[in-house]
Amino acid sequence: MKNLKIGVRLGLGFALLLLLMLVVGGYSIYKMNQLDTLAESLVTDKYPKTVMLNELKNNLNVVARALRNQIIVDDKEERKKESQRILEASEANGKIMEQLTKIVQSDRGKALFKEVIDARTAYVTTIKMNVGLIEKNDMDKAREELLTNVRKTQITYFAAIDKMIEHQNKEVERVGEEADQNATQGKYLVIALLITSIILSVLSAFFIVRSITAPIGPLVSVARKIADGDLNVRIDHTSTDEIGQLCDSFRIMTQNLRTMIGQVAGTSSQIADASNQLHSTSEIIATGAEEVAAQAATVATAGEEMSAT
């Protein structure tokens with residue numbers, strides 16, 4: 001990582017955070033979709049079937065009571081009313097059966113629904129036969145038929161409906177348990193992903209910051225030594241990132257400063273040599289001037305002596 005640019009390191013750190021956020025968010029959405037599917041199955045499939053089956057059972061009770069009342073009452077008008085109740089309840093059950101035929105999809109559900117259909121077919125046959133006896137006013141035969149064949153097919157019909165209701169109730173429970181299990185799994189897994197994300201984020205931040213700050217410490221120490229006038233410092237680095245480039249710049253600067261100071265020292269030495277040469281020349285000139293002055297004094301003395309004679 002030390003040879004990567006600082007911007008690249010920071011970019012990788014943010015990319016990691018983004019990836020972790022996407023993982024947590026994506027998994028949460030996935031689990032929510034699963035729960036939504038289960039809830040939709042419960043609301044639009046499992047529960048409505050249970051409601052329809054119970055309504056089917058209620059209408060069957062209406063038919064049974066109306067058929068019994070037709071045998072009990074002697075008033076023809078009352079019998080017509082009960083006959084109308086049987087017709088309405090049977091038509092309602094026919095519509096329910098059509099709806100169930102469309103929405104029952106599972107193999108187990110279809111098998112149970114076939115039992116309901118077969119039991120209903122047998123029950124409707126006995127009902128029509130019993131209604132015909134009532135219409136003929138053969139009440140003894142109708143009563144006997146009600147207590148035997150009608151009752152037998154009715155019990156079978158009820159048992160088939162109850163069996164399918166039990167199946168649907170189990171399906172509702174299964175979907176509810178599955179939804180609860182998915183919710184629990186999703187909760188704990190999201191928590192685990194969040195904890196993992198936090199740990200990875202902290203570690204990535206630590207290593208990125210350390211990769212930036214660790215090389216800066218020695219570089220700061222070198223800068224202080226240079227500021228104190230120590231140009232013999234050694235700058236070691238192996239990275240090629242911005243900090244490595246900064247180290248190279250410090251090393252080149254130090255070399256240039258040493259070269260410049262060396263050149264200044266050399267120039268100062270030349271100036272000192274020239275000054276010494278000037279000083280020697282001035283001494284020679286001063287000595288010559290003294291000799292000239294002494295010779296001039298000698299000539300002047302000789303001139304005075306010659307004038308006196």
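A charge sits over a ring if NZ of Lys or CZ of Arg is within 6 Å of the ring centre and within 35 degrees of the ring normal. Here the charged end of lysine 187 does that with the ring of tyrosine 188, at 5.0 Å from the ring's centre. The model is predicted, so a few ground rules first. Local features need pLDDT of at least 70, side-chain atom pairs count only at pLDDT 80 or more, and totals for chains, interfaces and linings use all residues of this predicted model. Residues are numbered from 1 along each chain as its sequence is written, and side-chain values use heavy atoms, with hydrogens and water left out.

**Overall picture**

- The chain has five helices and zero strands, where helices (H or I, at least four residues) and strands (E, at least two) are DSSP runs numbered from the N terminus.
- Read from the N terminus, the order of elements is simply α-α-α-α-α.
- Of the 309 residues in the chain, 28% are buried; buried means under 20% relative accessible area, exposed means over 50%, and partly exposed is in between (1.4 Å probe, protein chains only).
- The accessible surface comes to about 20,400 Å², and carbon and sulfur atoms account for 61% of that; these areas come from the Shrake-Rupley method with a 1.4 Å probe, and for residues only the protein chains shown count as cover.
- Take the contacts between residues at least 6 apart in sequence: 77% of them join residues at least 24 apart, with contact meaning heavy atoms within 4.5 Å.

**Confidence**

- The average pLDDT of the chain is 81, and 88% of the residues score at least 70; pLDDT is the predictor's confidence in each residue, from 0 to 100.
- Among the elements, helix α5 (residues 242-308) has the lowest mean pLDDT (72), while α3 has the highest (91).

**Aromatic pairs**

- Rings of Phe, Tyr and Trp (its six-membered ring) pair if their centres lie within 6.5 Å; planes under 30 degrees apart count as stacked, over 60 as edge-to-face and the rest as tilted.
- That rule gives two aromatic pairs.
- In one of them, the ring centres of tyrosine 27 and tyrosine 30 are 6.3 Å apart with planes at 45 degrees, so the pair is tilted.
- Tyrosine 27 and tyrosine 30 are three residues apart in helix α1 (residues 6-72), so about one helical turn separates them.
- Tyrosine 27 counts as buried because its relative accessibility is 19%, whereas tyrosine 30, at 45%, counts as partly exposed.
- Tyrosine 123 and tyrosine 157 have ring centres 5.5 Å apart and planes at 45 degrees, so this pair is tilted.
- This one links distant parts of the chain, with tyrosine 123 in helix α3 (residues 107-135) and tyrosine 157 in helix α4 (residues 139-227), 34 residues apart.
- Both tyrosine 123 and tyrosine 157 are buried.

**The nonpolar core**

- A nonpolar core is a set of buried Ala, Val, Leu, Ile, Met, Phe, Trp, Tyr and Cys residues joined through side-chain atoms within 4.5 Å.
- The largest one has 35 residues, and the members touching the most others are Leu56, Leu67, Val116, Tyr123 and Tyr157.
- Helices α1, α2 (76-103), α3 and α4 are the elements that give two or more residues to this core.
- Leaving out residues up to four places away in sequence, tyrosine 157 touches Leu56, Leu60, Asn93, Val116, Ala119, Arg120 and Tyr123.

**Loops and their surroundings**

- Valine 73 lies in the loop between α1 and α2 and is partly exposed, at a relative accessible area of 24%.
- Beyond residues up to four places away in sequence, valine 73 touches Glu78 and Arg79.
- Most residues other than glycine have a negative phi.

**Two more spots to check**

- Aspartate 140 belongs to helix α4 and is exposed, with 58% relative accessible area.
- The C-alpha atoms of aspartate 140 and isoleucine 71 are 8.8 Å apart, although 69 residues separate the two along the chain.
- Arginine 251 is in helix α5 and counts as partly exposed, at 34% relative accessibility.
- From arginine 251 to valine 233 is 18 residues in sequence and 8.8 Å in space, C-alpha to C-alpha.
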